[in-house]
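Me: I am new to this structure and would be grateful for a close look at a single part of it.
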Amino acid sequence: MLAVACFVAAGCGSGGGNQGQGQEPAQQTIQINGAGATFPFPIYSKWFDEYHKLHPNVQINYQSVGSGAGIRQLVNQTVFFGATDGPMTDEQLQGAPGKILHLPTVLGAVVPVYRIDKVDAQLKFSGRVLADIFLGKITRWNDPAIAKLNAGVTLPDTNITVVHRSDGSGTTYVWVDYLAKVSPEWKSKVGVGTSPSWPVGVGGKGNEGVSGLVTQSPGSIGYVELVYALQNKINHGQVQNAAGEFVTASIESVTAAAAATAATMPSDFRVSITNAEGPGAYPVSSFTWMLFYENPMDKTHAKTMVDFMRWALTDGQKFATELGYAPLPTAVVQLEMSALDTIAVK
């Protein structure tokens, strides 16, 4: 699968990001361009297809190029909307030509994926062990720290190949945000960001690229959004949460991670739910966001995308679970409906 994908509701069109004719949707075909995160690409593809069935004159083009590229294109106004799994920083927001809104769309999980020949067991990982693997401190699969967590599993005395993202990535942001919370050494040496300076490993572009490298490389470990692990049938491990439980990523465990945050959601929706407190919470969970200018130049596109978002936040949520995402909490949807009213459509 290509790391850069273009999804169009009815064939790839050439509509510009912010250049519209100002006519009503029923009078012309409306083509809207967006770009960004690969994490939500499967659900966005489904949504754009289903929305097109309801509104045949609306075509939404989305390039799955990574959160970093999506943010850059939005700031440069070469697309109408962006998408990211890591909230924009204050500096990025200040550098944009207008106020940008973050609107959560669904919840997802980032999972450790691995290929160890002759080992089919679902391995258990603590945050410290994962951090030490990605720091290059744990280099072999039968290391005592891994073996201690996986009693009864015969681990081979083979090298570990670390696979990470090569592009600016919201999936990476979620992964390292978790590692920084559970490993002081990771926090001080690598930190949090969409494009960290990796101590070790090889890079793949997009969730697709990391999935492909892990599948092809015996002894490898990487991280991808859950749906990519499921679609590619790659082994993915349990991760220890803040309550000390080893949890498998699922709709229920991601929902549990968001439960506490939903009641205290900040007004700008920029929030981290990694290493969430509470039983059953999967610790590498995250919201994913669409990004819009509050006062966009193209009001026809603005009106169309506000209508799309109202559909995605309500009827569209029913498609989330079949693709491995968790629907948004009702309280968050209610807050977003109010936020959508602030987007200038006239």
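How close do the axes of helix α11 and helix α12 come, and at what angle do they cross?

Reply: The model is a predicted one. Two packed helices are described by the angle between their axes and the distance between the axes. Helix α11 spans residues 299–312 and helix α12 spans residues 330–340. Their axes come within 11 Å and cross at roughly 170°. Angles over 145 degrees count as roughly antiparallel, and α11 and α12 are therefore roughly antiparallel to each other.

The residues that meet can be named from each side. From α11, Val306, Met309 and Arg310 take part, and they meet Glu336, Met337 and Leu340 in α12.

Glutamine 77 has a positive phi of about 60° although it is not a glycine. This glutamine is found in the loop between α2 (67–75) and β4 (81–84). Because its relative accessibility is 32%, glutamine 77 counts as partly exposed. Phenylalanine 269, likewise not a glycine, has a positive phi of about 65°. Phenylalanine 269 lies in the loop between α10 (251–262) and β13 (285–293). Its relative accessibility is 4%, so phenylalanine 269 counts as buried.

How values were computed: Residues numbered from 1 in each chain as written. Predicted model: local features only at pLDDT ≥ 70, side-chain atom pairs only at ≥ 80, totals over all residues. Heavy atoms only, no water. Axes fitted to C-alpha atoms, helices over the stretch in contact; angles between N-to-C directions. Helix = DSSP H or I, 4+ residues; strand = E, 2+ residues; numbered from the N terminus. Parallel < 35°, antiparallel > 145°, perpendicular 65-115°, else oblique. Contact = heavy atoms within 4.5 Å. Buried < 20%, exposed > 50% of the residue type's maximum accessible area, 1.4 Å probe, protein only.
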